[in-house]
Amino acid sequence: MDYSDVLAAASRIDGLVLRTPVLEVSPGVFFKLELLQHSGSFKVRGAFNRMLSAGELPPSGVIAASGGNHGLAVAYAARVLGVRAEIFVPEVTSPVKVAGLEALGAHITQTGAIYSEAAEAAAKRAAETGALAVHAYDQAEVVAGQGTTGLEIVEQTGGVDTVVVAVGGGGFAAGITLGTSGPSPSPGHTPATPPTPTPGSAPVPGSAVAPGSAVAPGSAVAPGSAVTAGSGPRIIAVEPERIPTLHEALRAGHPVPVEVSGVAADALGATKIGTIAFEVLSSPRVESVLVTDEAIVEARRTLWARHRVAAEPAGATAYAALLSGAYTPAPGERVAVVLCGSNTDPSTLTP
């Protein structure tokens with residue numbers, strides 16, 4: 001996979017997804033408001049790209065497992081395209097997201113304590129029905145679709161030094177890494193000097209993988225397959241301390257399972273980083289940063305109090321890195337913070 005896959009996805013889903021706004025909230029700090037996307041998160045980009053890449057969809061429609069946001073996106077895309085959607089969600093999925101799935105007409109099965117258990121049930125069901133499986137983060141078309149957010153960030157900001165993004169299974173961060181690896185529209189912009197890594201952050205070991213063959217539609221990238229992260233802005237990949245899928249994979253040198261818990265578990269609750277994400281994010285461009293649940297809660301409340309932005313915990317996780325000091329930009333550094341999800345109960349936004 002590389003930048004060209006993201007460009008192809010952008011052409012394929014044009015007119016079906018929103019070009020979400022970017023706000024400069026302080027000098028050189030931009031919010032990418034992907035929580036204003038159809039279905040309340042970036043996920044609809046990958047859902048549309050996966051479905052449209054598949055050609056004629058089967059009579060049984062599409063099937064997905066999700067902590068909520070991916071399911072909402074798949075249900076939304078299926079309704080637009082006129083096909084049946086069957087969504088499996090774990091017990092931790094918020095009632096707000098379940099209600100949203102019902103409103104979109106999806107066939108819902110709530111099973112398993114965490115996402116991975118719902119995913120096993122969905123895979124079994126897909127094998128029985130022949131429905132097209134739309135993975136939450138570990139399919140090439142899904143990652144490429146999510147990467148169109150990166151294209152917009154570069155275009156709308158005129159170029160940034162750093163993009164701060166939350167990580168669950170890693171498909172969004174991987175897509176943004178690929179989508180920001182193309183030419184900058186601001187050749188006169190001089191990147192700021194990278195800051196010294198802060199306590200709690202971990203520079204990514206290894207180097208970018210050389211360009212190579214394309215990934216087959218619908219497949220994950222096999223270990224050792226070629227994925228090109230390319231050049232571009234630094235990517236700060238932010239995870240809750242209680243769900244450190246990327247952080248632990250980088251430490252181990254390969255994806256490893258982690259325990260899942262905490263305030264953002266319904267959206268960032270993958271037990272293991274995706275294969276594609278690990279290949280893309282094992283790049284010198286990427287730095288892994290962890291934040292506490294308390295920092296996520298504070299970021300969410302601050303977004304509402306200062307900016308009247310209603311974010312779910314996962315949607316505020318990237319901002320938590322800046323607000324808590326887990327990542328501190330250098331003087332003059334231009335930073336885009338991706339606010340990625342708004343499917344939340346608004347009554348919980350204040351203490």
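This is a predicted model: local features need pLDDT of at least 70, side-chain atom pairs count only at pLDDT 80 or more; totals for chains, interfaces and linings use all residues.
A cavity here is a set of points on a 1 Å grid over the protein atoms alone where a 1.4 Å probe fits but cannot get out. Grid points are joined across faces, edges and corners, and a volume is the space filled by probe spheres set on the points. The largest cavity holds about 300 Å³ of space. Its lining comprises 28 residues, and those closest to the centre are Lys43, Gly168, Gly169, Ala267 and Leu268; a lining residue has an atom within 4 Å of a point.

Two or more lining residues come from each of helix 3 (69–81), helix 8 (171–179), helix 10 (265–268) and helix 13 (313–324). Helix 10 gives the largest share, four residues. Helices (H or I, at least four residues) and strands (E, at least two) are DSSP runs numbered from the N terminus. By class, the lining has 13 nonpolar, 12 polar and three charged residues. Ala, Val, Leu, Ile, Met, Phe, Trp, Tyr, Cys and Pro count as nonpolar, Asp, Glu, Lys and Arg as charged, and the others, Gly among them, as polar.

## Helix packing

The axes of helix 3 and helix 4 (residues 95–103) lie 9 Å apart at an angle of about 10 degrees, so the two helices are roughly parallel (under 35 degrees). Asn69, Gly71, Leu72, Ala75 and Arg79 of helix 3 meet Lys97, Gly100, Leu101 and Ala103 of helix 4, where contact means heavy atoms within 4.5 Å. These residues divide into four nonpolar, three polar and two charged.

Helix 12 (residues 293–307) crosses helix 13 at roughly 95 degrees, with the axes coming within 7 Å; the pair is therefore roughly perpendicular (65 to 115 degrees). Among the residues in this contact are Ala295, Ile296 and Arg300 of helix 12 and Pro313, Tyr319 and Leu323 of helix 13. The contact has nine nonpolar, four polar and three charged residues.

## Aromatic pairs

The whole structure contains four aromatic pairs, with ring centres within 6.5 Å. One of them, Phe31 with Tyr319, is edge-to-face, at 5.3 Å centre to centre and 80 degrees between the planes; edge-to-face means over 60 degrees. Phe31 lies in strand 2 (residues 29–33) and Tyr319 in helix 13, 288 residues apart.

## Basis

Residues are numbered from 1 along each chain as its sequence is written, and side-chain values use heavy atoms, without hydrogens and water. Local features need pLDDT of at least 70 and side-chain atom pairs count only at pLDDT 80 or more, while totals for chains, interfaces and linings use all residues.

Key. On a 1 Å grid over the protein atoms alone, a cavity is a set of points where a 1.4 Å probe fits but cannot get out, and a pocket is an open set with protein on both sides within 12 Å along at least five of seven lines; lining residues have an atom within 4 Å of a point. Axes are lines fitted to C-alpha atoms, for helices over the stretch in contact, and angles run from 0 to 180 degrees between N-to-C directions. Angles under 35 degrees count as roughly parallel, over 145 as roughly antiparallel, 65 to 115 as roughly perpendicular and the rest as oblique. Rings of Phe, Tyr and Trp (its six-membered ring) pair if their centres lie within 6.5 Å; planes under 30 degrees apart count as stacked, over 60 as edge-to-face and the rest as tilted.
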